[in-house]
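Thanks for coming, everyone. Let me put the structure up, and then we'll walk through it piece by piece.

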Amino acid sequence: MVDVDAVVIRDVRPICTAPEGIRLVVVKVETNQDGLYGLGCATFTQRALAVVEVIESYLKPFLLGRSVHQIEDVYQSVMLSSYWRNGPVLNNALAGVDMALWDIKGKLAGMPLYQLLGGKCREAAAVYAHASGRDIEELADNVQRFIDQGYRYIRCQMAVPGYSTYGAAGGGRSREPQLLGLGERPWEPTPYCRMVPWMFEQLRGRFGFEVELLHDVHERVPPIQAVQLAKELEPYKLFFLEDPLAPEDLDYLPLLRQHTTTPIAFGELFVHPQEYVPPIRDRLIDFIRVHISAIGGITPARKLAALAELFGVRTAWHGPGDVSPVGHAANLHLDLACPNFGVQEQHLFSEEARAVFPGCPEIRDGYMWPNDKPGLGVDVDEKLAAAFPYPDDPRNGSWLPVRRVDGTIVRP
């Protein structure tokens, strides 16, 4: 029988692995009770080694001997311990510890984490799939494939011929523009903004309005073009338009709201409360879409979800391949417990990832299902994880630059 009051942190270790070629950072918090530990996601792919350094050099000595039960106090004290706070490196490191402590608390209680967060509001979380194509025919075929698999929410991305395009394969090569002086395929906002409304016109003509369609701008276009694009998309009734603006352009959100009823999802790059509180408070967005580890973990995310509920904003947590299976499990437990859940981005884990992380959430018929094990429900095979080291990449995971035809770098 575990004396729960005597459980303290004995060790804090980062686990670095890349079973799908993506740099993942998972934190393992070990306790003074044999076999009792928790896992948390601290994945910041583009600066993974900086997060590892924070965990090993700063958080571990700060946390040794602390009670595992004081999750809120640990969160607050770690957040303030660096004086400068709310940056993505420090937030991710803290998130790994925070999730691991929630995982331990669930294991001590013998309950899945969603029970400690208030219990289920739903049996499973609806997810959206990613359909893309080099042209409208390939995209439509992929949309149909997901519909046949039972998905009700599908994100649609299509290549702009000749240009690099976020979320889609390369376009055709006839009269292909070249990046001046470099020979790489460039990005240009105007051809993209012309293509997207036409793309959804074609998709609605083929599939009607029974399936929910989504699109990700990925902050690449100038703000006024984003307003025009959102307005032009109104007839096609998107479930949401994601990140039409960059965080630096939040002052354009009132203008966007005034000119369109297209639902807006926002927040993938948010790391600070002063980024996500105002647009929720002012009802300028419809879905909050933060990367949970980038804001500091489950502790701030559940508060953010509660705030959003009061203002009619739904959750749509960030969930791509650079969220570890542990992070996806954290997303899922919040999805199940939050009444204002909207939709969850899915990632289909490879067999290698599922072997490294036993207990990965299951996706069936367009829904993500919990496994009902105590805590987050995901474990890690550390020996197998070590067999998938970070890729040998001179960029060390950095995001590739995106440039216009004249060579000007733009937001990714």
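Start with Lys28. Set aside neighbours within four places in sequence, and Lys28 is in contact with Asp11, Val12, Arg13, Ile15, Tyr37, Gly38, Leu39 and Glu382. Keep in mind that this is a predicted model. Lys28 sits in strand E2. Is Lys28 buried or exposed? Its relative accessibility is 9%, so Lys28 counts as buried. For a sense of scale, take Leu238. Lys28 and Leu238 are 210 residues apart in sequence, and their C-alpha atoms are 40 Å apart in space.

Now the sheet around that lysine. Three strands form an open sheet, in the order E1-E2-E3, with antiparallel pairing. Which strands stand at the edges? Strand E1, residues 9-17, and strand E3, residues 37-41. Each has a single partner strand, so one side of each is left without a neighbour in the sheet. On average, neighbouring strands here are turned by 20° against each other, direction ignored.

Look at the E1 and E2 pairing. E2 covers residues 24-31, and the two strands pair in the antiparallel sense over eight bridges. Take Val12 as an example. Its bridge partner in E2 is Val29.

Helices pack here too. Helix H1, residues 48-63, lies across E1 and E2. H1 runs at about 175° to E1. Helix H12, residues 325-337, also packs on the sheet, touching E2 and E3. The direction of H12 makes about 90° with that of E3.

On to helix H2, residues 71-81. Which of its residues are buried? Ile71, Val74, Tyr75, Ser77, Val78 and Met79. And what covers them? The cover includes H1 again, together with helix H3 at 88-109, helix H10 at 292-295 and helix H11 at 298-310. Just after H2, watch the backbone: Tyr83 takes a positive phi of about 65°.

Next, a parallel pair. Strand E4, residues 125-133, and strand E5 run parallel, joined by six bridges.

E5 itself spans residues 153-158 and is mostly covered, with six of its six residues buried. Both faces are covered. On one side, Tyr153, Arg155 and Gln157 are buried; on the other, Ile154, Cys156 and Met158 are buried.

Stay on Arg155 for a moment. Arg155 is a residue of strand E5. Its relative accessible area is 7%, under the 20% cut-off, so Arg155 is buried. What does Arg155 contact, leaving aside neighbours within four places in sequence? Tyr128, Ala129, His130 and Ala131 are among its contacts, and so are Tyr166 and Gly167. Leu214, His215 and Asp216 are in contact with Arg155 as well.

Now a helix pair. In general, two packed helices are described by the angle between their axes and the distance between the axes. Helix H6 is residues 189-207, and helix H7 is residues 223-232. Their axes come within 9 Å and cross at roughly 10°. That makes H6 roughly parallel to H7. Who meets whom? From H6, the residues are Pro189, Thr190, Tyr192, Cys193, Val196 and Pro197. From H7, they are Gln225, Leu229 and Glu232. The residues of this contact divide into six nonpolar, two polar and one charged.

Two loop residues deserve a look. Lys237 is in the loop between H7 and strand E7, at 240-242. Its phi is near 50°, a positive value in a residue other than glycine. With 55% relative accessibility, Lys237 counts as exposed. Arg283 is in the loop between helix H9, at 273-281, and strand E9, at 287-288. Phi of Arg283 is near 55°, again positive in a residue other than glycine. Arg283 is partly exposed, with a relative accessible area of 46%.

Last, confidence. The protein averages a pLDDT of 94, and 95% of the residues score at least 70. Where does pLDDT stay under 50? Over residues 171-179. The model has 25 contacts beyond four places in sequence for that stretch. Where pLDDT is low, the predicted coordinates should not be read in detail.

That's the tour. Over to you for questions.

Methods. Residues are numbered from 1 along each chain as its sequence is written. This is a predicted model: local features need pLDDT of at least 70, side-chain atom pairs count only at pLDDT 80 or more; totals for chains, interfaces and linings use all residues. Side-chain values use heavy atoms; hydrogens and water are left out. Two strands pair if DSSP finds at least two bridges between them. Helices (H or I, at least four residues) and strands (E, at least two) are DSSP runs, numbered from the N terminus. Axes are lines fitted to C-alpha atoms, for helices over the stretch in contact, and angles run from 0 to 180 degrees between N-to-C directions. Contact means heavy atoms within 4.5 Å. Angles under 35 degrees count as roughly parallel, over 145 as roughly antiparallel, 65 to 115 as roughly perpendicular and the rest as oblique. Ala, Val, Leu, Ile, Met, Phe, Trp, Tyr, Cys and Pro count as nonpolar, Asp, Glu, Lys and Arg as charged, and the others, Gly among them, as polar. pLDDT is the predictor's confidence in each residue, from 0 to 100. Buried means under 20% relative accessible area, exposed over 50%, partly exposed in between (1.4 Å probe, protein chains only).
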